[in-house]
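Thanks for coming. I will go through one structure today and keep to what can be computed from its atoms. Please have the sequence and the model open.

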Amino acid sequence: MQGYILHTQSVKDEDLIVYILSPVQVIKSFRFYGMRHSNILSGYKIDFELEENSRFLPRLKDVMHIGFSWILDREKMIFWQEFIKLFYWHLKDVEKIDLFYYELLDECAKRFEKQDCKRVIVDAYLKILNYEGRLHEDFTCFACDESITQNIVLVRAFLPAHIKCIFGCKFTCEEIYDFYKRKNSSHLSDESIDKLYKIIKEGF
């Protein structure tokens with residue numbers, strides 16, 4: 001079985017509780033004497049086995065790390081772990097999930113090798129909002145319920161608003177419309193990417 005480590009939590013002595021995103025579920029598992037085994041960190045992709053326990057969580061065993069080509073790039077790893085942390089908080093109370101989330105992480109891990117990390121994350125975030133039916137493409141201000149025609153402010157989850165209604169990151173309607181249509185941020189300036197990434201760090 002394979003999956004991405006979303007979060008690790010130390011418990012008594014050297015044991016760990018490990019949250020893993022598999023293709024079909026978020027697994028909460030237990031690693032006995034976790035600190036004495038090979039390191040497993042948030043963001044790592046692993047191959048593993050589970051040993052069921054009727055009294056407690058399934059035990060994580062036979063863990064093998066599946067490396068990325070950029071795993072030793074400190075800057076990329078920081079971006080990756082920040083992104084994974086957002087995934088954890090978004091999915092931590094979910095058990096069964098769609099394959100979409102696992103495949104999205106696979107795609108992002110591959111794109112991290114050659115593309116700008118922030119742009120990869122911005123594109124992935126948009127895909128999540130779109131997949132979950134939370135992408136507001138009609139540009140109606142969530143504060144006053146009126147249409148937005150020129151400049152637009154986006155807040156957490158890319159909720160749109162008028163500049164006069166909400167303080168936040170400002171964009172032109174045209175650049176955001178193109179971004180939503182293309183589902184790709186390649187046409188956006190670095191400044192716009194920085195602003196979108198700042199919004200993403202607030203949470204899914």
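Buried, in what follows, means under 20% relative accessible area. One caution before using that: this is a predicted model.

Start with Ala157. Its relative accessible area is 12%, so Ala157 counts as buried. Ala157 sits in the loop that links strand E6, residues 151-155, to strand E7, residues 159-161. Its phi is near 65°, which is a positive value in a residue that is not glycine. Phe158 belongs to the loop between E6 and E7 as well. For Phe158, phi is near 55°, again positive in a residue other than glycine. Is Phe158 buried or exposed? Phe158 is buried, at 0% relative accessibility.

Now the helices. Two packed helices are described by the angle between their axes and the distance between the axes.

Take helix H2, residues 99-111, against helix H3, residues 117-131. Their axes come within 10 Å and cross at roughly 165°. The angle is over 145 degrees, so H2 is roughly antiparallel to H3. The crossing of H2 past H3 is right-handed. On the H2 side, the residues that meet H3 are Phe100, Tyr101, Leu104, Glu107, Cys108 and Arg111. On the H3 side, they are Arg119, Val120, Asp123, Ala124, Lys127, Ile128 and Tyr131. Sorted by class, the contact of H2 with H3 has eight nonpolar and five charged residues, and no polar ones.

Next, H1 and H3. Helix H1 covers residues 74-91, and its axis lies 10 Å from that of H3, at an angle of about 15°. That angle makes H1 roughly parallel to H3. H1, too, passes H3 in a right-handed crossing. From H1, the residues in contact are Lys76, Phe79, Phe83, Phe87 and His90. They meet Cys117, Lys118, Ile121, Ala124 and Ile128 in H3. By class, the contact of H1 with H3 has seven nonpolar residues, one polar and two charged.

That leaves H1 and H2. How far apart are the axes of H1 and H2, and at what angle do they pack? The axes are 12 Å apart, and the angle is about 175°. H1 is therefore roughly antiparallel to H2. Here Trp80, Phe83, Ile84, Phe87 and Leu91 in H1 meet Tyr101, Leu104, Leu105, Cys108 and Ala109 in H2. The contact of H1 with H2 has 10 nonpolar residues, with no polar and no charged ones.

Last item, the cysteines. How many disulfides does the model have? The count is zero. The cut-off for a pair of cysteine sulfur atoms is within 2.5 Å. For Cys141, the closest cysteine sulfur is in Cys144, at 3.7 Å, which is too far for a bond. Cys141 is buried, with a relative accessible area of 0%. For Cys169, the closest cysteine sulfur is that of Cys173, and 15 Å is too far for a bond. Cys169 has a relative accessible area of 13%, so Cys169 is buried.

To recap the helix pairs: H1 is roughly parallel to H3, H2 is roughly antiparallel to H3, and H1 is roughly antiparallel to H2. That is the end of the talk.

Notes: Residues are numbered from 1 along each chain as its sequence is written. This is a predicted model: local features need pLDDT of at least 70, side-chain atom pairs count only at pLDDT 80 or more; totals for chains, interfaces and linings use all residues. Side-chain values use heavy atoms; hydrogens and water are left out. Axes are lines fitted to C-alpha atoms, for helices over the stretch in contact, and angles run from 0 to 180 degrees between N-to-C directions. Helices (H or I, at least four residues) and strands (E, at least two) are DSSP runs, numbered from the N terminus. Angles under 35 degrees count as roughly parallel, over 145 as roughly antiparallel, 65 to 115 as roughly perpendicular and the rest as oblique. A crossing is left-handed if the near helix is turned anticlockwise from the far one by less than a right angle, and right-handed if clockwise. Contact means heavy atoms within 4.5 Å. Ala, Val, Leu, Ile, Met, Phe, Trp, Tyr, Cys and Pro count as nonpolar, Asp, Glu, Lys and Arg as charged, and the others, Gly among them, as polar. Buried means under 20% relative accessible area, exposed over 50%, partly exposed in between (1.4 Å probe, protein chains only).
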